[in-house]
Amino acid sequence: MTAQRSQAKTPPLALVIFGASGDLTARKLLPALASLAGNGSLADGFVLVGIARTKWSDDEFRDHCLEAVPDAKPAWGELVRRFRYVSGNYDDGATFSQISAVLADLDEPNAGGGTAGNRLFYLATVPALFGEVARGLARHDLNRPGPGGRFARLVIEKPFGRDLETAKALDETLHECFDEPQIYRIDHYMGKETVQNVLALRFANSIFEPVWNRRYVGHVHVTVGESLGVEHRGSFYESAGALRDIVQNHVMQVLALTLMEPSATMDPTSIRDEKVKLLRSIMAPRPDEVGRAVVRAQYTAGTIDGEPVLGYREEDGVDPHSTTETFVAMRLSVDNWRWAGVPVFIRTGKRLAKRSTEVVMVFQRPPHLPFAGKLTRGLQPNALILRIQPDEGITLRFGAKVPGQDYRVRTVAMEFSYKDAFGTDPPEAYERLLLDAMIGDPTLFIRTDEVEQAWRLLEPLQEAFSEGYPHLSLYNAGTWGPLEAARLLEPDGYEWVNP
Ligand code: BG6
């Protein structure tokens with residue numbers, strides 16, 4: 001991390017959120033800010049400026065901010081009083097003139113701001129508007145850092161394009177207006193404590209790293225399971241699918257941290273260099289392997305927590321004949337010294353049996369068991385299970401002698417739970433990411449070459465999917481996906497560890 005990371009407080013700044021009346025702002029950004037305010041992490045010169053088309057006054061926006069976080073500490077109420085709001089269209093120069101005037105006003109300590117010329121622009125809008133907003137900011141000179149170390153940064157949310165070409169086009173537009181170090185791309189999985197802990201686990205301990213390689217690990221699997229369906233995002237999801245929505249970003253980021261080489265320091269460049277190197281070594285199935293190494297599926301009606309739920313094709317905004325995948329599983333490999341020959345299985349799906357994200361390192365079986373075969377029947381290989389969410393923690397699975405006269409060995413587990421160890425649930429991902437963007441620590445944000453590499457890797461699969469290949473399997477909502485997903489591991493003699 002950069003040296004600034006240790007600061008408990010942000011510098012003075014104006015946080016300008018585009019899409020301020022939207023869902024992301026209400027559900028994630030405002031609660032994260034309220035929590036930071038409650039911890040005393042926001043400078044006195046912090047002001048939020050909301051921008052959206054909704055016709056609100058400053059006071060109406062302030063009421064919205066209070067309503068979004070009903071259980072906030074009193075510090076939030078005090079802070080909200082200074083928030084400002086600009087309503088307007090992003091294709092209208094007048095909107096940006098007004099933003100510029102509000103920001104200039106806030107820079108002055110006497111006008112209730114004291115934001116000192118520092119600006120963080122957060123694009124919580126639909127991605128189609130990213131380019132327009134960036135250009136609007138540039139036309140009004142709001143993209144340039146000011147004198148005396150003042151900063152102007154741009155935060156954007158995934159999806160970063162929908163394939164390699166559109167990702168590059170988006171970057172070109174952004175780079176016309178902002179330099180790469182000014183751009184903070186959010187993948188909220190990087191804000192999760194448990195994802196960051198992958199590095200602590202690997203590099204702050206001496207017992208794991210020596211076995212973290214092909215000599216000891218038999219295979220790796222990553223599950224990003226959701227029990228939710230597509231909710232109110234049916235029409236967005238129709239054009240995304242699980243490969244774009246989860247695999248290209250969240251799964252690749254988790255894999256990168258799990259499998260990358262140690263970085264000499266926690267410096268943002270070193271960490272991100274190692275992640276890119278790892279992403280470059282991942283081999284996705286070739287087109288001729290897709291049939292046996294990739295599973296593409298969609299949920300049909302089923303039951304979750306005892307409640308009947310609709311099938312994907314019956315969801316609002318979804319084509320009744322849709323072939324969009326809501327589940328993907330595949331076998332990858334990593335072509336480098338550390339991981340050569342170790343299969344990496346990934347799977348993600350909506351409407352699965354449980355919400356659960358886990359990384360499972362399954363170790364090789366002992367080369368020889370001196371116990372009678374019947375005494376070790378059912379003994380599973382050692383595994384280290386990183387429970388990213390929920391029930392955040394780590395499980396070490398191993399064999400232990402069952403009390404008694406003979407050497408019967410059974411699989412048991414040693415558990416670490418964040419909540420029990422630290423007496424608190426891990427903070428929300430957005431809290432950490434917002435703070436880092438305000439402080440100027442880019443370590444947890446996604447660099448342009450990471451985005452491009454992930455698209456490059458998945459591009460052949462995207463093409464195959466768009467040609468209807470492999471065939472679309474179906475699975476009942478509330479299960480762990482189609483049978484084909486279980487069969488994916490069979491040739492290697494493995495099975496999924498279901499959470
Ligand atoms: C988002 C996806 O990036 O991540 C959603 O667009 C998904 O479809 C969400 O539901 C999952 O996030 P989390 O933090 O609940 O695992």
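Reader: How do the residues of the shell around the ligand divide into nonpolar, polar and charged?

Author: There is 1 nonpolar residue, with 3 polar and 7 charged ones. Keep in mind that this is a predicted model.

Reader: Noted. Which residues are around the ligand, then?

Author: The list runs Lys158, His188, Tyr189, Lys192, Glu226, Arg233, Asp245, His250, Lys350, Arg355 and Gln389.

Reader: How far is the side chain of Lys158 from the ligand, going by N or O atoms?

Author: An N or O atom of the Lys158 side chain sits 2.6 Å from a ligand oxygen. For Asp245, a side-chain N or O atom is likewise 2.6 Å from an oxygen of the ligand. His250 has a polar side-chain atom 2.7 Å from a ligand oxygen.

Reader: And how much of the ligand does the protein bury?

Author: The protein buries 81% of the 390 Å² that the ligand exposes when taken alone.

Reader: OK, what about the peptide bond from Tyr469 to Pro470, cis or trans?

Author: Also a cis bond, and there omega is near -5°. Pro470 is in the loop that runs between helix H14 (448-466) and strand E18 (472-476).

Reader: Where is Thr173, and what is it in contact with?

Author: Thr173 is part of helix H6. Setting aside neighbours within four places in sequence, Thr173 is in contact with Gly131 and Arg135. Gly131 is among the buried residues of H5.

Reader: Why does Thr173 count as buried?

Author: Because its relative accessibility is 14%, and the cut-off for buried is under 20%.

Reader: What happens to phi just after H5?

Author: Asp141 takes a positive phi there, about 60°.

Reader: What about phi of Glu231, positive or negative?

Author: Positive, near 50°, and Glu231 is not a glycine. Glu231 lies in the loop between strand E7 (217-225) and helix H8 (234-238). With a relative accessibility of 40%, Glu231 counts as partly exposed.

Reader: And Asp391, what is its phi and where is it found?

Author: Asp391 has a positive phi near 50°. The loop between strand E15 (383-389) and strand E16 (393-401) holds Asp391.

Reader: Is Asp391 buried or exposed?

Author: Exposed: its relative accessible area is 51%, and the cut-off for exposed is over 50%.

Reader: New topic. Where is the place of Ile446, and is it buried or exposed?

Author: Ile446 is in the loop between helix H13 (429-439) and H14. With a relative accessible area of 4%, Ile446 is buried.

Reader: What does Ile446 touch?

Author: Not counting residues up to four places away in sequence, Ile446 touches Arg185, Asp187, Met190, Gln253, Arg272, Lys275 and Val451. Between the C-alpha atoms of Ile446 and Asn249 the separation is 9.3 Å, though the two are 197 residues apart along the chain.

Reader: And Thr269 and Pro460, how far apart are they in space?

Author: They are 29 Å apart, C-alpha to C-alpha, and 191 residues apart in sequence. Thr269 lies in helix H10 (residues 268-281). Thr269 is partly exposed, at 42% relative accessible area.

Reader: Last one: which domains does the domain assignment give?

Author: Domain 1 is 13-157, and domain 2 is 190-424 + 448-453 + 464-492. Their C-alpha centres lie 37 Å apart.

Methods
Residues are numbered from 1 along each chain as its sequence is written. This is a predicted model: local features need pLDDT of at least 70, side-chain atom pairs count only at pLDDT 80 or more; totals for chains, interfaces and linings use all residues. Side-chain values use heavy atoms; hydrogens and water are left out. Buried means under 20% relative accessible area, exposed over 50%, partly exposed in between (1.4 Å probe, protein chains only). Helices (H or I, at least four residues) and strands (E, at least two) are DSSP runs, numbered from the N terminus. Contact means heavy atoms within 4.5 Å. A residue is near a molecule or strand if one of its heavy atoms lies within 4 Å of it. A polar contact is a pair of N or O atoms within 3.5 Å; within protein, one must be able to donate a hydrogen and the other to accept it, and residues adjacent in sequence count only if both atoms are side-chain atoms. Accessible areas come from the Shrake-Rupley method with a 1.4 Å probe; for residues, only the protein chains shown count as cover. Ala, Val, Leu, Ile, Met, Phe, Trp, Tyr, Cys and Pro count as nonpolar, Asp, Glu, Lys and Arg as charged, and the others, Gly among them, as polar. Domain bounds come from an automatic or database domain assignment.
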